[in-house]
Amino acid sequence: MNTKFYRISKGKIKIIAAKEEDAVKLSEAFDLIKNTDRVEYDYLQKRLKSVIVSSRLGSTNEFFMPERIWLANRSVIVKNDVSWLASLLIHEAFHATQFKNGKYVKSLSKLEPLALRVQKKFLQKLGESGNDVDRVQKNKYWKEMTGDKASSIYFRQLFKLYTDK
Ligand SMILES: [Zn+2]
């Protein structure tokens, strides 16, 4: 993993991406959070350890607990703007607060609306409507993602490589 992936540190959080431009875009998203809401940025430092972006296309992404590692395929980074990415980082990191004693406190269908609410609040701080978040909620796209088995397997391989070192 060391030779093929680009790394940028944001405080204690490590960004690791197969493509340099993806790492840079995520770095900008972290800067946006820092400049918009310093308290949220400090929360993030505790809730998120690493962000890993694969070389695969597709929008599948997954948050691993208790390791606090978010894995995403490239399209998540490429197809979204920096504001949305920043809000997504806040969303994903929020899931860390929903994890107690080795498991999530509720089922995914109950966890997701709360994380989406935090995400929307941040977008509104940026002066955006946050209406796209409602669309995500309505489409329940997090349920569709579980159908992407190839990415799920690949994430686990990457995750293992990263945590074994
Ligand atoms: Zn979520």
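Tutor: In H1, the buried residues are Asp22, Ala23, Leu26, Ala29, Phe30 and Ile33. Here "buried" means that 20 or more other C-beta atoms lie within 10 Å of a residue's own, "exposed" means 12 or fewer, and "partly exposed" is in between, with C-beta atoms placed from the backbone. Before going on, note that this is a predicted model: local features need pLDDT of at least 70, side-chain atom pairs count only at pLDDT 80 or more, and totals for chains, interfaces and linings use all residues. Residues are numbered from 1 along each chain as its sequence is written.

Back to those buried residues: looking down the axis of H1, they fall within an arc of 115 degrees, so they line one face of the helix. (The arc is taken over the directions from the helix axis to the C-beta atoms.) As a rule, an α-helix has 3.6 residues a turn, so residues three or four places apart point the same way. On the face of H1 turned away from the buried side you'll find the exposed residues Glu20, Glu21 and Asn35.

What does the buried side pack against? The partners are strand S1 (6-10), strand S2 (13-17), H2, strand S3 (50-53), helix H3 (74-78) and H4. Helices (H or I, at least four residues) and strands (E, at least two) are DSSP runs, numbered from the N terminus. Contact means C-beta atoms, placed from the backbone, within 7 Å.

How long is H1? Helix H1 (residues 20-36) has 17 residues and reaches 25 Å from first C-alpha to last, close to the 24 Å expected at 1.5 Å a residue. That expected span is 1.5 Å times one less than the number of residues.

Now for the helix pair. The axes of helix H4 (residues 82-94) and H5 come within 8 Å and cross at roughly 145 degrees. Those axes are lines fitted to C-alpha atoms, for helices over the stretch in contact, and angles run from 0 to 180 degrees between N-to-C directions. Ser83, Ala86, Ser87, Leu88, Ile90, His91 and Phe94 in H4 meet Ala115, Leu116, Val118, Gln119, Phe122 and Leu123 in H5.

H5 has its own buried residues: Glu112, Ala115, Gln119, Lys120 and Phe122. They cover an arc of only 155 degrees around the axis, which puts them on the same side of H5. On the other side of H5, Lys110 and Pro113 are exposed. Just after H5, Gly127 takes a positive phi of about 90 degrees.

How values were computed. Two residues are in contact if their C-beta atoms, placed from the backbone, lie within 7 Å.
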